[in-house]
Amino acid sequence: MPKALPSGFSRSAVEELSRQKEEPEWMLQKRLQAWEIYEQTPTPLGRRGDLGTLRMFSNFKFQQLSPYVPSNGNGALPIAIEQSLEEALVDQRAGLVVQRNASVVRTELDEELKRQGVILTDLDSAVRDYPELVQQYFMTTCVPVNTSKYTALHAAFWSGGIFLYIPRGVEIEDPILAQIWIDSPASATFAHTLIIADEQSSVRFVEEHNSAFAGEQPSLLDDVVEVYVKNAAHVEFSNMQDLGLNVWNITNKNAVHEKDGSTTWVLADLGSKVMLSDIGVGLAGNGSAGELVGVFFTDHDQRYSINTLSDHASTATNAETLVKGVLSGESRVEFIGMIRVRPKAQQTASFLSDHTLLLSDKCRAESIPSLEIGANQVSASHGATTGKIDEEQLFYLMVRGIAREEAERIIVQGFFEPVLQRIPLENLRTRLRRSIVHRMSGSFESEADTWVDAQERWEVEGVDEYAVSLDNKPAEEEIQLMEY
Amino acid sequence: MESELIIKNLHANIEGKPILRGVDLVVKRGEVHALMGPNGSGKSTLANVIMGNPKYEVTDGEIWFKGENILEYSPDRRARMRLFLAFQYPMSIPGVSVANFLRRSLEAVREGNKPREEGENPTGQATKRRSIPPGEFRKQLQEKMRLLKVDNSFINRSINDGFSGGEKKRAEILQMALLEPEIALMDETDSGLDIDALKIVSESVNALRGPQLGILLITHYQRILNYITPDFVHVMYDGRIVKSGGKELALELEEKGYEWLRPSDEENGVAANA
């Protein structure tokens, strides 16, 4: 029966963790090497004059956290988790993994997919059952151990974890859902997701990060997502981060692509007190492509640092990064979006945009799009805007009877809507619309309904008694309120 | 209650510069008033001030509507009293669909921002509010669209985003039809329209005309009055209404222009030696 480790990170804690897990020697060595790197790497402090997210982490009291809080896999799940599973973003799913603190407590996979050779398991088990795959892919080329001080800490203390392998040619239609839950105060959770999509396979993966515990004593989620996209494979990865304000979050996500492989990242960040997020698209294969759609909404004294990298390393690769966020309260967000075009990456097309809307006088946003171009046949562009709500737009809506506060909320909806349209998962779009409305003070439940109706439900034609047709014209002449 | 809009001695500034210098005007339900005058005479300012645009500062005078002095009311409250403005330059609001916007607008104008139950008060928490079911809303919208011969595709688009000049004006009139105001201010609804669009817009206004609706039709040109016959014509010059009359006044203006109505400097309150 595994036991929680006392607070504090140390070499002996690494050894104790590995011993409790009865891990093979190679994994212990990997952890110890990572611990060495962690100890040798200076704490990152950020640039002079930035908004201070890294500096906040440098003052974070890591030594007060327990590095390992396991859960009993056989016990009943807390009500909050059970409820969240019922309200999950995915109702029809091909598989499920639930991680609670340091342990995976539930794993399910469609039987037919199992027969086709799909592997979905916790990473602890994969270390024992698929050692070759884990040795080859775990924190080697996608998110290497030494990416940052915090990825090194992750590699030393990772626990639980999700391992997904999709064999050649298998296309998984329904999404696979993963939920990561933190319900222990003063704990550190190092969740790891490793996805290997073999040639011509495809998968939709949805990961939700939530927390449920009371009190000010903060916990840490230091997670890593590694996606290997083989020839002509496609991975869609959606992440909704809705952690409580007593959770600090460091997240590193990267996808590496072979020829013609492609990835869609969808990142929705709403929660967490301080978040340090690095998302990468590594385009090493000819003709590979990456798309990143990001939405965030911050409030109170939240601090985000979001860093994206489109790394073009081969011929004819495409990347598109589109991030939109709204800040309120005294929150601060810094966004650094990098497009890197390496010398061999001819015929690159890369686009990046970042737009933020400030709802209060006390919030601050900083946006730094940058380009590093080493090839000459390149089409690359970036744009960033930061602004406040337009007074003329407000007046227009108010003249139509809508009170000022709601008019602001409607303009925020309009600000987000084009990027929400890019999110493939309807439930995620709907959940985000509701979360966005709820986060704006004074909002009414029905506003969220009206917005969702207008965007999602109007396509259903002729289902209600009020539907009328226009002068005997055929039904398709009726008002069809579709998504645009 | 009488749905009268009464403007008394209205003075207003923009950025310290006086634009309205004592406007007096009464518009009743069922009447169509044309407000004419040269560019810069203050016609659009009057419409904006009546709706409470915060860009303008009212320095003197009163605006009464349905027996209440509405000067201190917010624009949305004025709208919920069933005062309407069709904008000269409607704002585009990308990402907000006409369907979403019009439903909320109709709910607000019809139901106010009252919570569903008496005594239930929105306290910053998400609360249920009176809302119009999507089907009922669609039915009402469809009726108005049919009446005004508005293309169905309007509804799928973002508010005024990428609309042509004519489409914007027709969208304004569609909103007017849906919201059923008691007094509507139409600010240069004819400007920027070619003759075909002008006919369509005029037909729409005529379709809405009736004893339930008072209209203040602001226009620079006489030509829209060939299609919409006003009951009264007023001429604005330098921030005041300098002449009022029947529909024949419009024809006289077409013939003689506005210059003959220019107030003398003395009348205008400017010192003779300035």
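Predicted model: local features only at pLDDT ≥ 70, side-chain atom pairs only at ≥ 80, totals over all residues.
**Stop 1: the whole complex, then chain B**

Begin with everything shown. The predictor gives the complex an ipTM of 0.91 and a pTM of 0.84.

Now select chain B and colour it by pLDDT. The average for chain B is 86, and 89% of its residues score at least 70. Where in chain B is confidence lowest, and where is it highest? Helix H4 (residues 134-148) of chain B has the lowest confidence, with a mean of 84, while strand E6 (residues 83-86) of chain B has the highest, at 97. Then select residues 115-127 of chain B, where the pLDDT is below 50. This stretch has 20 contacts in the model beyond near neighbours in sequence. Residues 269-274 of chain B also have a pLDDT below 50, with three contacts counted beyond near neighbours in sequence.

Switch to the cartoon view. Chain B has seven helices and twelve strands. Of its 274 residues, 46% are buried. Take the contacts in chain B between residues at least 6 apart in sequence: 73% of these join residues at least 24 apart.

**Stop 2: strand E3 of chain B**

Select residues 32-36 of chain B, which form strand E3. Five of the five residues are buried, so the strand is largely enclosed by the rest of the structure. Show the side chains to see the two faces. Val32(B), Ala34(B) and Met36(B) are on one side, His33(B) and Leu35(B) are on the other, and all are buried.

Strand E10 (residues 214-218) of chain B runs parallel to E3(B) and is joined to it by four bridges. To find this pairing, look for Val32(B), which stands opposite Ile215(B) in E10(B). Strand E11 (residues 232-237) of chain B also runs parallel to E3(B), again with four bridges. Here Met36(B) has Val235(B) in E11(B) as its bridge partner.

**Stop 3: helix H1 of chain B**

Select residues 43-51 of chain B. This is helix H1, mostly covered, with nine of its nine residues buried. Among them are Lys43(B), Ser44(B), Thr45(B) and Asn48(B), as well as Leu46(B) and Val49(B).

**Stop 4: Asn9 of chain B**

Select Asn9(B), in strand E1 (residues 5-14) of chain B. Is Asn9(B) buried or partly exposed? Asn9(B) counts as partly exposed because it has 13 C-beta neighbours inside 10 Å. Leaving aside neighbours within four places in sequence, its contacts are Gly22(B), Asp24(B), Asp60(B) and Gly61(B).

**Stop 5: strand E7 of chain A**

Move to chain A and select residues 192-197, strand E7. Six of the six residues are buried, so this strand is largely enclosed by the rest of the structure. One side carries His192(A), Leu194(A) and Ile196(A), the other carries Thr193(A), Ile195(A) and Ala197(A), and all are buried.

Strand E4 (residues 162-166) of chain A runs parallel to E7(A), with five bridges between them. Tyr165(A) has Ile196(A) in E7(A) as its bridge partner. Strand E9 (residues 219-229) of chain A also runs parallel to E7(A), with six bridges. In that pairing, His192(A) is the bridge partner of Val224(A) in E9(A).

**Stop 6: helix H9 of chain A**

Select residues 391-398 of chain A, helix H9, where six of the eight residues are buried. The buried ones include Phe395(A) and Tyr396(A). What do the buried residues of H9(A) pack against? They pack against helix H10 (404-420) of chain A, together with helix H2 (75-80) and strand E7 (93-97) of chain B.

Keep H9(A) and H10(A) on screen. Their packing angle is about 120 degrees, and their axes are 9 Å apart. The crossing is right-handed. H9(A) contributes Gln393(A), Leu394(A), Leu397(A) and Met398(A) to the contact, and H10(A) contributes Arg404(A), Ala407(A), Glu408(A), Ile410(A) and Ile411(A). By class, the contact has six nonpolar, one polar and two charged residues.

Definitions and conventions
Residues numbered from 1 in each chain as written. Chains lettered and ligands numbered in written order. pLDDT = per-residue confidence, 0-100. Helix = DSSP H or I, 4+ residues; strand = E, 2+ residues; numbered from the N terminus. Contact = placed C-beta atoms within 7 Å. Buried ≥ 20, exposed ≤ 12 C-beta atoms within 10 Å, placed from the backbone. Pairing = 2+ DSSP bridges. Axes fitted to C-alpha atoms, helices over the stretch in contact; angles between N-to-C directions. Left-handed = near helix turned anticlockwise from the far one by under 90°. Nonpolar A, V, L, I, M, F, W, Y, C, P; charged D, E, K, R; others polar.
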